[in-house]
Amino acid sequence: MNPVNAAPESSPAPSAAGDYAEPVFTLHPQPDGPTLGTTSAPILEADGHLFKDLARTGALLPYEDWRLPAAERAADLASRMSLEAIAGLMLYSPHQPVPNPGVGPFAGSYGGRTRQEAGAPAWALTDQQRAMLTADHIRHVLAFTLQDAGTAARWNNALQALAESEPLGVPVNTSSDPRNGAADASGAEFATLAADVSRWPEGLGMAALFDPERVRQYAAIISREYRALGITTALGPQIDIATDPRWMRLQDTWGPHSGLVADYARAYCDGMQTTPTSGDGAAFGMTGTPADAELPAVAAAASDPGWGSASVSAMVKHWPGGGTGEGGRDAHYGFGKFAVYPGGNEAEHLRAFEAAFHLHGPTGCAGAVMPYYTIAWHYRTPDGRVVNTGGDSTPRANSYHQAIVHDMLRERSGFDGVVCTDWGITADPDPEIDHFGQRCYGVEDLDVADRHLLALDNGVDQFGGNSDCAPIIEAYRRLALRDGEAAARARFEASAARLLRVLFRAGLFENPYLDPADSSAVVGCEAFATAARAAQRDSLVLLKNHRAAGTAVLPLGADVRRVWVPIRHVDAQPGFMRGGEPARDIDPLDAAACPYERVTDPQDADAAVVFIESPLSNPYSTADREAGGNGYLPLTLQYRPYTAATARARSLAAGDFRETGDRAYRGKTNRAANETDLDAVLAARELMGDRPVIVVVRMHNPAVLAELEPHADAIVVDFGVQQSVVWELLAGEYEPSGLLPITLPASMDAVEAHCEDLPFDYAAYTDSAGNAYRFGYGLNWAGAINDARTRRYRSR
């Protein structure tokens with residue numbers, strides 16, 4: 001065993017303007033093993049192979065030996081790590097914008113200055129990023145905005161070079177929320193993008209394809225883009241069965257059909273996690289990809305089939321299903337913390353997870369699982385127990401519940417991957433229930449360290465949105481006092497080994513470095529962009545295409561040259577983080593995408609194209625509570641004011657230290673912030689006379705279309721695409737083929753009568769031509785689509 005090179009000293013933190021040097025890495029290829037990439041670690045030679053001496057011992061340690069299985073390497077490294085290093089491994093960094101703007105909730109500094117003052121390049125590490133790697137031992141970094149692929153690659157290299165210089169040389173596992181969405185607003189959460197990635201439909205748009213193989217191709221492509229950006233864990237897919245049509249996060253799911261979602265879950269995890277080997281690229285959606293769009297793919301050890309340098313670990317969410325919030329409310333907020341199961345349908349919500357745990361591809365199982373925030377109220381487990389009933393026990397959120405994480409996920413499902421909590425569940429709650437804050441539901445009486453300890457006892461490995469290791473270290477101390485030092489150490493090493501396994505399987509210990517030019521060539525390359533644009537086109541759903549006389553409106557003929565596109569208005573409303581969004585006028589037209597002349601006077605138009613979105617409403621009002629109410633309002637899927645005359649007289653679940661009484665909203669009225677979308681459609685009908693009125697609905701949730709459908713000649717549903725593909729459809733450049741991945745309700749009374757956990761238990765709206773807008777419905781130019789997809793996936 002011989003040292004091949006000595007380790008250069010690691011560079012100090014920049015201290016003056018211009019004192020930033022891009023890390024220089026050296027590649028060490030070898031004919032019968034992986035290429036090694038280093039910036040500071042020495043290289044060892046043993047048995048004719050090269051290895052990285054990350055521990056700087058001069059001897060080959062098991063965790064440095066790429067010939068060994070990932071599990072064996074991870075266990076060896078975990079045994080060598082300090083308690084502080086393991087605690088850092090169990091944390092997730094805050095969101096990291098690259099470059100850092102110096103302001104906002106994720107502000108950072110460069111040598112105590114703004115980036116502009118410091119003269120730092122866009123890829124440079126902030127002071128906070130240096131500290132989290134060196135002082136806090138964090139190795140799971142959540143990337144937020146990335147300026148472009150080249151910048152992301154250089155930032156990755158700076159992170160990895162600093163991590164390599166630290167004791168044991170544990171690399172960084174960068175993760176990401178979804179960042180390939182085509183819509184301007186990519187969802188309720190922190191979905192974001194790098195400016196040059198391929199742009200795909202949002203979740204429901206992918207579901208509208210009804211095609212698992214397209215999802216496999218999609219995942220295989222974005223995994224290549226992720227790895228080119230330095231990302232090795234995807235915080236997704238969101239495989240919740242979206243059974244309640246009012247749920248804020250429904251747009252990011254694949255809909256309510258458990259069979260379709262299960263097939264998609266398998267396809268996505270297979271495509272995302274599998275590193276293609278010679279000859280099997282076609283099986284994972286990589287056909288038609290040019291050589292210059294390929295990053296070199298290196299497989300992991302034979303004992304870890306499918307994993308390698310092109311793999312991205314999938315974190316499926318949200319166990320045991322997040323789509324059943326009472327009244328459609330969401331558990332990001334205390335007013336939405338209860339999941340309910342009035343239909344007794346808990347088992348169906350597990351179906352997609354079971355698919356993710358039994359993949360068809362070689363990696364076998366999704367790499368990680370994220371439980372949701374919710375308290376699963378009166379939840380019936382597969383063995384027949386009913387938990388979270390109140391009475392003698394306090395109902396607890398999923399990550400804090402032994403039956404839901406330990407018994408169901410770890411024991412019954414046999415899941416041995418990473419379990420990571422959703423973001424922000426361990427700190428003390430906000431005093432106001434209407435704030436976007438911490439969500440320690442059901443364990444408010446525990447201190448922060450005991451919350452960590454309880455989650456660890458249940459089988460949790462990692463804490464999302466927690467960058468403070470002190471409570472984890474204190475949880476260890478309490479665990480050691482309770483069970484003994486050996487048991488505490490074994491418990492922490494078990495989580496460390498699971499977390500490290502992901503890094504070994506992805507090849508990060510061998511070469512975490514990227515060539516910025518290669519990354520720029522891969523991300524958003526022509527082949528990937530073309531596949532993404534085709535998916536956008538195929539996701540559009542044509543609901544209606546006839547005038548009163550029965551003649552088709554679309555595609556628009558040569559006689560249409562001028563269009564009227566009305567301005568939209570949205571009233572003030574709370575945003576995702578419950579801050580006030582002011583009232584605003586919106587011009588929905590992407591002028592660069594529109595092939596027609598826009599006119600300001602509808603009398604000059606050959607057709608009206610009215611862009612709207614599904615109704616937007618707020619389920620909780622502090623003003624209502626201050627006026628003597630309970631604060632709860634009905635979520636509405638119709639545009640005109642809605643009074644919940646037929647809602648439940650009493651809520652199914654209740655209980656929060658910040659409120660008293662019941663959560664019911666029967667008899668209360670709510671209105672959509674975008675009610676004027678309906679006014680725009682009605683005005684277009686009146687002003688256009690017998691000229692075509694085409695409505696394009698950006699649909700976040702299944703809308704009640706009874707108010708507007710009779711006044712539209714054609715209706716197109718957009719589940720998150722670029723507007724250019726909408727105009728191409730209207731002009732007839734391609735034929736519509738998308739199918740409704742949801743059922744559009746006949747009325748709000750039908751929604752109120754349904755059970756939050758059942759997928760197809762409310763009546764569908766039937767239009768003026770007799771077509772029912774139920775799951776699987778869609779038109780092409782010839783009429784209703786009836787093909788292998790509609791026969792394979794049927795609603796009950």
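Reader: How many salt bridges does a search of the whole structure find?
Author: The search finds 51 salt bridges. Keep in mind that this is a predicted model.

Reader: Which residue meets D65 in a salt bridge?
Author: R67 does, through its side chain, at 2.9 Å from N to O.

Reader: Is D65 buried or exposed?
Author: D65 counts as buried, because its relative accessibility is 9% and the cut-off for buried is under 20%. R67 is at 34% and counts as partly exposed.

Reader: What does R214 pair with?
Author: R214 forms a salt bridge with D538, and their closest N and O atoms are 3.1 Å apart. R214 sits in helix α7 and D538 in helix α16, 324 residues apart, so the pair links distant parts of the chain. D538 is partly exposed, with a relative accessible area of 22%.

Reader: And D713, what is its partner?
Author: R685, with 2.9 Å between the closest N and O atoms. D713 lies in the loop between β27 and β28, while R685 belongs to helix α18. Both D713 and R685 are buried.

Reader: Which residues are linked in a network of salt bridges?
Author: D244, R246, E326, R648, E752 and E756 are.

Reader: Changing topic. How many residues does helix α13 have?
Author: Helix α13 has 14, residues 470-483. The helix reaches 20 Å from its first C-alpha to its last, close to the 20 Å expected.

Reader: Which α13 residues are buried?
Author: P471, I472, A475, Y476, L479 and A480. Those buried residues pack against α2, α12 and α14.

Reader: What follows α13?
Author: G484, whose phi is positive, near 105°.

Key. Residues numbered from 1 in each chain as written. Predicted model: local features only at pLDDT ≥ 70, side-chain atom pairs only at ≥ 80, totals over all residues. Heavy atoms only, no water. Helix = DSSP H or I, 4+ residues; strand = E, 2+ residues; numbered from the N terminus. Expected span 1.5 Å × (residues − 1). Buried < 20%, exposed > 50% of the residue type's maximum accessible area, 1.4 Å probe, protein only. Contact = heavy atoms within 4.5 Å. Salt bridge = Lys/Arg side-chain N within 4 Å of Asp/Glu carboxyl O.
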